[in-house]
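This report describes the fold and selected local features of a single protein chain. Please keep the sequence and the three-dimensional view at hand while reading.

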Amino acid sequence: MSTLSQRISEKLGAEIVAGKHAPGAKLDEEALAARFKVSRSPVRDALRQLAATHLVESQPRRGFSVALIDPAGLQDMFEAASELEALCARLCALRAGATERKNLERIHAEALAAAKQNDHARYSRLNEDFHRAIYSGARNRTLEAATLALRQRLAPFRSRVFFHVDNRIRSSSREHDAVTAAILKGDAEAAEHAMRGHTASAAMNALEYFRQRVYKNGRLYTGLRYDTGSPITQRKKKPT
């Protein structure tokens, strides 16, 4: 179960990603505490969590402010994460034991059920469990730590809002099918290929959402509204 500070972090992170808070804007702890009806302590913890994702900057004696998100840098991070996750999937197919494979199969089955019920919140949680099970199954602590750290930085761009875009929840579950099947068969090459395709699709989904909602012709929109419950209905078609 998420903590109070995590819930505040997720909410603020989603708003920053959506452009509701302009780059450089000060994030006043007292004002945020009043808004969320909490003490300043969980707000401060939430801002520190966001600083770790580079969505927020912390400066001595100046407090916290909204960081400028660089689309090119964001794409670089997604590219690096895709390669790390592909390697995790390859090693998981080779090294995961019977218990780890069974756990992955269970998580995937539950995620499929959530997708069929269109339960975006539950699917998002199970999606995190799915990827973490693969990192663990790779049985390489250094790789697992590096992949988790980069995933944490990208967490605001992997929030459940993105599963609303182009019915991403359905395509994501199909991609998980391919990854799971390859790992359970012990097919390292297929697992790596499937995971790379899956993470590339997730990255394109998040980047396009970010660019369309927050940027236009390289310039930042301001004053955007954000609604985690509403699907995005107007999108340009991706080239085939």
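## Residue E175 in helix α8

E175 has a relative accessibility of 18% and therefore counts as buried; buried means under 20% relative accessible area, exposed means over 50%, and partly exposed lies in between, with a 1.4 Å probe and protein chains only. E175 belongs to helix α8, which covers residues 168–185. Helices are DSSP runs of H or I with at least four residues, strands are DSSP runs of E with at least two, and both are numbered from the N terminus. Apart from neighbours within four places in sequence, E175 contacts R168, H198 and S201, where contact means heavy atoms within 4.5 Å.

## Basis of the model

The model is predicted: local features require pLDDT of at least 70, side-chain atom pairs are counted only at pLDDT 80 or more, and totals for chains, interfaces and linings use all residues. Residues are numbered from 1 along each chain as its sequence is written, and side-chain values use heavy atoms, with hydrogens and water left out.

## Overall architecture

The chain contains nine helices and five strands. Along the sequence these elements follow the pattern α-β-α-α-β-β-α-α-α-α-α-α-β-β.

Of the 240 residues in the chain, 45% are buried. Among the contacts with a separation of 6 or more, 74% are between residues 24 or more positions apart. The chain exposes about 12700 Å², of which carbon and sulfur atoms supply 50%; accessible areas come from the Shrake-Rupley method with a 1.4 Å probe, and for residues only the protein chains shown count as cover.

## The three-stranded sheet

Three strands form an open sheet in the order β1-β3-β2, with antiparallel pairing. The edge strands are β1 (26–27) and β2 (56–59), each of which pairs on one side only. Two strands pair if DSSP finds at least two bridges between them. Strands of a sheet pair through backbone hydrogen bonds, either parallel or antiparallel.

The antiparallel pairing of β1 with β3 runs over two bridges, and K26 stands opposite S65 of β3. Between β2 and β3 there are four bridges, also in the antiparallel sense. On this side, E57 has S65 as its bridge partner in β3, while S58 stands opposite F64 of β3. β2 and β3 form a hairpin with three residues between them, and R61 in the turn has a positive phi of about 65°.

G63 lies in strand β3, which spans residues 63–66. With a relative accessible area of 28%, G63 is partly exposed. Not counting residues up to four places away in sequence, G63 touches K26, E57 and S58. G63 and E29 are 34 residues apart in sequence, and their C-alpha atoms are 8.6 Å apart in space.

## Packing of helices α4 and α7

The axes of helix α4 (residues 71–95) and helix α7 (residues 141–154) come within 10 Å and cross at roughly 145°. Axes are lines fitted to C-alpha atoms, for helices over the stretch in contact, and angles run from 0 to 180 degrees between N-to-C directions. The crossing of α4 and α7 is left-handed, a term that applies if the near helix is turned anticlockwise from the far one by less than a right angle, with clockwise giving right-handed.

On the α4 side the contact is made by L74, M77, F78, A80, A81, L84, E85, L87, C88 and L91, and on the α7 side by L143, A146, T147, L150, R151, R153 and L154. The residues of this contact divide into 13 nonpolar, one polar and three charged. In this classification Ala, Val, Leu, Ile, Met, Phe, Trp, Tyr, Cys and Pro count as nonpolar, Asp, Glu, Lys and Arg as charged, and the others, Gly among them, as polar.

K37 has a positive phi of about 60° although it is not a glycine. K37 is located in the loop between α2 (29–36) and α3 (40–52), and is exposed at a relative accessible area of 75%. H54, likewise not a glycine, has a positive phi of about 70°. H54 lies in the loop between α3 and β2 and is partly exposed at 45% relative accessibility.

R106 is part of helix α5, residues 98–116. The relative accessible area of R106 is 41%, so R106 is partly exposed. R106 and F130 are 24 residues apart in sequence and 9.4 Å apart in space, C-alpha to C-alpha.
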